[in-house]
Amino acid sequence: MSDIIYVDRLTGKKQIEKVYKGAVIRFLYGDSKLSRLIQPFLLPPLAKWPFISHCYGLLQKRPSSVKKILPFIKNFDVNISEFLMPLTHFKSFNDFFIRRLKPEFRPIALGEKIVSMPADGRYYFYQDIDQVDGFIVKGKKFSLASLLENKELAQKYQGGSMVIVRLCPSDYHRFHFPCDCIPGETRLLNGYLYSVNPLAIKKNLNIFTQNKRTICELATTHFGKILYLEIGATNVGSIQQTYCPFQPALKGDEKGYFEFGGSSLILLFQKGRIRFDQDLLDATQSGYEIRCLMGQQMGTLIQKF
């Protein structure tokens with residue numbers, strides 16, 4: 001299977017991603033004869049038996065897991081200077097995984113008519129989800145009604161805009177509000193825990209509509225109603241919410257965090273509300289994810305005259 005190539009927004013250059021447990025991902029979701037032979041037997045238990053991911057997550061909370069931190073930092077070039085707390089603060093690998101960062105390393109794009117990135121991650125941007133020929137996989141689209149499990153809610157976002165964010169294990173794993181808002185309650189749509197790695201998504205785009213996910217509606221002054229989804233994945237211990245429902249939240253405030261594992265976010269905007277920055281759209285149209293940092297500008301309000 002080919003390398004995962006993404007664009008780094010800070011440099012504009014293409015990079016080859018270092019995949020955590022890449023050999024395992026390629027084996028489970030690859031196209032070799034052996035992979036195709038074992039997939040019907042291994043993938044369903046891994047994805048459909050949540051206690052497997054739960055148990056793996058518990059292992060990352062054991063004090064003995066702390067020994068994994070330094071090798072991980074070295075292998076994935078994690079910038080220690082960004083950490084809010086020193087390395088000695090982390091008592092397990094999961095403590096390190098859900099680390100907080102110093103605010104000065106993630107400045108928030110200013111302006112009430114500017115939307116900021118909700119997380120560190122690899123992004124896809126779709127200005128009009130009704131017009132594109134495919135999400136991630138050319139010629140293939142998943143159903144918003146299936147994603148939201150609500151046909152009426154899906155209709156409100158027809159012709160709207162969508163952001164898909166993939167968080168790698170090496171990323172900062174706290175997620176934030178993209179603009180000032182009043183968030184509602186977060187509701188759970190239970191499901192499976194397939195990998196959200198591109199190697200897996202390209203094999204089965206419907207992973208987004210099959211996996212465990214949460215949905216929260218953000219009421220905003222300028223951008224209408226925004227839907228904010230967190231998508232679980234293999235070995236995600238849990239999705240933790242840290243915000244207060246129905247209380248005003250400022251752009252950049254923390255909404256929650258993922259415990260150990262890869263994971264994704266999806267943001268849905270109503271039609272005619274946001275215009276994504278051109279460099280973000282260009283990357284997606286070229287078929288590449290673009291790596292962005294939490295707080296960077298995502299787009300601006302579409303002015304109506």
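Predicted model: local features only at pLDDT ≥ 70, side-chain atom pairs only at ≥ 80, totals over all residues.
**View 1. A salt bridge joins Asp 279 and Arg 9.**
Side chains of opposite charge can pair when their charged atoms come close. In this view the closest N and O atoms of Asp 279 and Arg 9 are 2.8 Å apart, and the pair is one example from a count of 16 salt bridges. Asp 279 belongs to helix α10, residues 278-285, whereas Arg 9 sits in the loop between β1 (5-8) and β2 (14-16), so that the pair links distant parts of the chain, 270 residues apart. With a relative accessibility of 34%, Asp 279 counts as partly exposed.

**View 2. Arg 100 and Glu 254 form a salt bridge between a loop and a strand.**
The closest N and O atoms of Arg 100 and Glu 254 are 3.9 Å apart. Arg 100 lies in the loop between α5 (93-97) and β3 (114-116), and Glu 254 lies in strand β12 (residues 254-258), so the pair ties together parts that are 154 residues apart in sequence. The two partners fall into separate accessibility classes: Arg 100 is partly exposed, with a relative accessible area of 44%, while Glu 254 is buried, with a relative accessible area of 19%.

**View 3. Glu 149 and Arg 213 form a salt bridge that links distant parts of the chain.**
Here the closest N and O atoms are 3.3 Å apart. Arg 213 counts as buried, at 0% relative accessibility.

**View 4. A network of salt bridges includes Arg 122, whose charged end also sits over a ring.**
The residues linked in this network are Glu 17, Arg 122, Arg 166, Asp 171, Glu 289 and Arg 291. The charged end of Arg 122 sits over the ring of Tyr 6, at 4.6 Å from the ring centre. An arrangement of this kind is also found for Arg 174, whose charged end sits over the ring of Tyr 257, at 4.5 Å from its centre.

**View 5. Cys 179 and Cys 181 are not joined by a disulfide.**
A disulfide is a covalent bond between the sulfur atoms of two cysteines. A search of the whole structure finds 0 disulfides, and for Cys 179 the nearest cysteine sulfur is that of Cys 181, 5.6 Å away. This separation is too far for a bond, because a disulfide requires the sulfur atoms to lie within 2.5 Å. Both side chains in the view are buried, Cys 179 at 3% relative accessibility and Cys 181 at 5%.

**View 6. Cys 168 is a buried loop residue.**
Cys 168 lies in the loop between β5 (161-167) and β6 (174-176), and its relative accessible area is 4%. When neighbours within four places in sequence are left aside, Cys 168 is in contact with Glu 17, Arg 122 and His 173. The C-alpha atom of Cys 168 is separated by 6.8 Å from that of Gly 121, although the two residues are 47 apart along the chain.

**View 7. Phe 125 takes part in a stacked pair and in an edge-to-face pair.**
The count for the structure comes to 17 aromatic pairs. The rings of Tyr 123 and Phe 125 have centres 5.4 Å apart and planes at 5°, so the pair is stacked. Phe 125 and Phe 276 form an edge-to-face pair, at 5.2 Å centre to centre and with 65° between the planes. Phe 125 lies in strand β4 (residues 121-126) and Phe 276 in strand β14 (residues 274-276), so this second pair ties together parts that are 151 residues apart in sequence. Tyr 123 is buried, with a relative accessible area of 0%, and both Phe 125 and Phe 276 are buried as well.

**View 8. Ring pairs link phenylalanines into a cluster.**
The members of the cluster are Phe 72, Phe 76, Phe 83, Phe 90, Phe 93, Phe 96, Phe 97 and Phe 260.

**View 9. Ser 263 carries a UniProt annotation.**
The annotation, "modified residue: Pyruvic acid (Ser)", comes from an unreviewed UniProt entry and covers Ser 263. Ser 263 is placed in strand β13 (residues 263-269) and counts as buried, at 0% relative accessibility.

Definitions and conventions:
Residues numbered from 1 in each chain as written. Heavy atoms only, no water. Salt bridge = Lys/Arg side-chain N within 4 Å of Asp/Glu carboxyl O. Helix = DSSP H or I, 4+ residues; strand = E, 2+ residues; numbered from the N terminus. Buried < 20%, exposed > 50% of the residue type's maximum accessible area, 1.4 Å probe, protein only. Contact = heavy atoms within 4.5 Å. Phe/Tyr/Trp six-rings, centres within 6.5 Å; stacked < 30°, edge-to-face > 60°. Lys NZ or Arg CZ within 6 Å of the ring centre and 35° of its normal. UniProt positions renumbered as here; feature names shortened; annotations may be inferred.
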